[in-house]
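Subject: The structure I promised you

Hi,

My notes on what turned up follow below.

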Amino acid sequence: MSLNSALSWEQRKVTELGKIYIGLVTTMTAHYTDEGTLLIRNSDIKDGRFEFGEKPIFLEKSFAMANESRMHQIGDVITVHTGDVGTSAVISENEDKSIGFATIVTRPNKTIIDPSYLCTFLNTERHKKWAVAISTGDGRTNYNLGDYFELVVPVPSIKEQKQIAMFIENLNNLITLHQRKRLSSIQT
């Protein structure tokens, strides 16, 4: 990718890149169960991945089906609304048909933007600093949907998007591998 190519990237508001909505914002604890529909909370979203801990939370099937319009699809980009605002991950087969609790959901138009590229951009320091700067809250940072709608995303060609996302994913995997090796050598 040349500098001229990067300078010619289109700048588009996130609202032009797909459908955006907020996850369910209602009391759900009465509908928690040990199996059923996976619930994704803001604390489950890490940089490019989900971490549910030893005991993920599930919702009763009947409650989930009553909220079927809010179920995630493969390729949806889920973004932290409260807490580590801006941090994002992409829904894979493992999280397909899950429901988010007060998360920002972007369902990318894949003819315009690659989900992995959008996730990569949302996890950049540039985006996260912007998200924190415009966030509200007293004690916990909140990334309001109206503010998210104002986000401008650099949009190269789909081919470049896929290359960028793959490069960053490979780099992150390499870093993780080296961190594990280092930790292993320290523990022995």
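How many bridges join strand β4 to strand β7, and do the two run parallel or antiparallel? There are 2 bridges between β4 (residues 37-40) and β7 (residues 58-59), and the strands run antiparallel. If you want to find the spot on screen, look for Thr-37, which stands opposite Leu-59 in β7. Before you go further, keep in mind that this is a predicted model.

**The two sheets**

That strand pair belongs to an open sheet of 4 strands, in the order β3-β7-β4-β10, with mixed pairing. Its edge strands are β3 (32-33) and β10 (99-100), each of which pairs on one side only. In case sheets are new to you: strands of a sheet pair through backbone hydrogen bonds, either parallel or antiparallel.

Another open sheet also has 4 strands, ordered β2-β11-β8-β9, and here the pairing is antiparallel. At its edges you'll find β2 (18-22) and β9 (88-90), which each pair on one side only. On average, neighbouring strands in this sheet are turned by 20° against each other, ignoring direction. Helix α3 (residues 115-122) packs on this sheet and touches β8, β9 and β11. The direction of α3 makes about 165° with that of β9.

Zoom in on β8 (residues 77-79) and β11 (residues 104-108) and you'll see an antiparallel pair joined by 3 bridges.

**The pockets**

The largest pocket has a volume of about 640 Å³. Its lining is made up of 21 residues, and Asp-47, Gly-48, Arg-49, Glu-169 and Asn-172 lie nearest the centre. Which helix gives the most to that lining? It's α6, with 8 residues. Sorted by class, the lining has 7 nonpolar, 11 polar and 3 charged residues.

The second largest pocket comes in at about 170 Å³. It is lined by 13 residues, and those closest to its centre are Arg-41, Asn-42, Phe-101, Ala-102 and Arg-140. By class, that lining splits into 4 nonpolar, 7 polar and 2 charged residues.

Last stop: Arg-12, in strand β1 (residues 10-13). Which side chain does the side chain of Arg-12 make a polar contact with? That would be Glu-16, at 3.1 Å. Leaving out residues up to four places away in sequence, Arg-12 touches Leu-17, Ile-112, Leu-151, Val-152, Val-153 and Val-155.

Have a look around and send me your questions.

Cheers

How values were computed. Residues are numbered from 1 along each chain as its sequence is written. This is a predicted model: local features need pLDDT of at least 70, side-chain atom pairs count only at pLDDT 80 or more; totals for chains, interfaces and linings use all residues. Side-chain values use heavy atoms; hydrogens and water are left out. Two strands pair if DSSP finds at least two bridges between them. Axes are lines fitted to C-alpha atoms, for helices over the stretch in contact, and angles run from 0 to 180 degrees between N-to-C directions. Contact means heavy atoms within 4.5 Å. On a 1 Å grid over the protein atoms alone, a cavity is a set of points where a 1.4 Å probe fits but cannot get out, and a pocket is an open set with protein on both sides within 12 Å along at least five of seven lines; lining residues have an atom within 4 Å of a point. Grid points are joined across faces, edges and corners, and a volume is the space filled by probe spheres set on the points. Ala, Val, Leu, Ile, Met, Phe, Trp, Tyr, Cys and Pro count as nonpolar, Asp, Glu, Lys and Arg as charged, and the others, Gly among them, as polar. A polar contact is a pair of N or O atoms within 3.5 Å; within protein, one must be able to donate a hydrogen and the other to accept it, and residues adjacent in sequence count only if both atoms are side-chain atoms.
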